[in-house]
Amino acid sequence: MRVMLEATMDTDKANELVRGGKLPEPMRETMDRVKPESACFTAHEGGRTCCLVFDVQDSSQMPVIAEPFFTDLGARVEFSPVMNPDDLAKGLSQPG
């Protein structure tokens with residue numbers, strides 16, 4: 001299933017990593033693990049935020065993916081199922 005992970009980092013923890021030049025490490029490790037089809041970085045609700053869209057085969061993968069955001073970045077993490085245009089067209093073509 002295609003999901004979107006949105007992680008909004010704790011400002012103090014992220015600031016420490018930025019000052020130490022280490023913020024790219026957890027981002028790179030996560031991206032290497034999930035191989036996102038899309039990755040965006042922004043400020044959301046006043047905090048550094050990343051949004052990754054990728055496939056999960058099983059919901060049991062979610063804790064492994066989210067845990068570094070919780071422990072290393074003090075982040076608030078949300079997973080949402082998402083569709084691309086092809087998925088939407090397929091869903092809308094089925095009788096309701």
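Select Cys51 to begin. Cys51 is buried, at 17% relative accessibility. Buried means under 20% relative accessible area, exposed over 50%, and partly exposed in between, with a 1.4 Å probe and protein chains only. This is a predicted model: local features need pLDDT of at least 70, side-chain atom pairs count only at pLDDT 80 or more, and totals for chains, interfaces and linings use all residues. Residues are numbered from 1 along each chain as its sequence is written, and side-chain values use heavy atoms, with hydrogens and water left out.

Which cysteine sulfur is closest to that of Cys51? It is the sulfur of Cys40, 6.5 Å away and too far for a bond. A disulfide here is a pair of cysteine sulfur atoms within 2.5 Å. The structure holds zero disulfides, and Cys40 is in none. Cys40 is partly exposed, at 42% relative accessibility.

**The whole chain**

Zoom out and colour by secondary structure. The protein chain has four helices and four strands. Helices (H or I, at least four residues) and strands (E, at least two) are DSSP runs, numbered from the N terminus. Along the sequence the pattern reads β-α-α-β-β-α-β-α. The C-alpha trace spans about 55 × 25 × 20 Å along its principal axes. Of the 96 residues, 30% count as buried.

**The hairpin**

Strand 2 (residues 38-44) pairs with strand 3 (residues 47-55) in the antiparallel sense, over seven bridges. Two strands pair if DSSP finds at least two bridges between them. Pick Ala43: the bridge partner of Ala43 in strand 3 is Arg48. Two residues lie between the strands of this hairpin, and Glu45 takes a positive phi near 50°.

**The core**

Now select Leu5, Ala7, Cys50, Phe54, Phe69, Leu73 and Val77. These residues have the most contacts inside the largest nonpolar core, which has 19 residues. A nonpolar core is a set of buried Ala, Val, Leu, Ile, Met, Phe, Trp, Tyr and Cys residues joined through side-chain atoms within 4.5 Å. Strand 1 (2-8), helix 1 (11-19), helix 2 (24-34), strand 3 and helix 3 (61-73) each give two or more residues to this core. Which element gives the largest share? Helix 3 does, with four residues.

Contact means heavy atoms within 4.5 Å.

Select Thr8, in strand 1. Is Thr8 buried or exposed? Thr8 counts as buried, at 5% relative accessibility. The side chain of Thr8 makes a polar contact of 3.0 Å with the side chain of Thr49. A polar contact is a pair of N or O atoms within 3.5 Å; within protein, one must be able to donate a hydrogen and the other to accept it, and residues adjacent in sequence count only if both atoms are side-chain atoms. Beyond four places in sequence, Thr8 also touches residues including His44, Gly47, Gly74 and Arg76.

Go to Arg2, also in strand 1. Arg2 counts as buried, at 16% relative accessibility. A polar contact of 2.9 Å joins its side chain to that of Glu37. Leaving out residues up to four places away in sequence, Arg2 touches Val53, Phe54, Ser80, Asn84 and Asp87, among others.

**Out to helix 4**

Follow the chain to Met83, in the loop between strand 4 (76-81) and helix 4. Met83 counts as exposed, at 56% relative accessibility. Select Glu6 as well: the C-alpha atoms of Met83 and Glu6 are separated by 15 Å, and the two residues are 77 apart along the chain.

Step on to Asn84. At the start of helix 4, a side-chain oxygen of Asn84 reaches to within 3.0 Å of the backbone nitrogen of Asp86. Helix 4 is hardly covered: of its nine residues, the count of buried ones is zero.

Finish on Ala89, in helix 4 (residues 85-93). Ala89 is partly exposed, with a relative accessible area of 47%. Draw a distance from Ala89 to Ala14. Their C-alpha atoms are separated by 39 Å, with the residues 75 apart along the chain.
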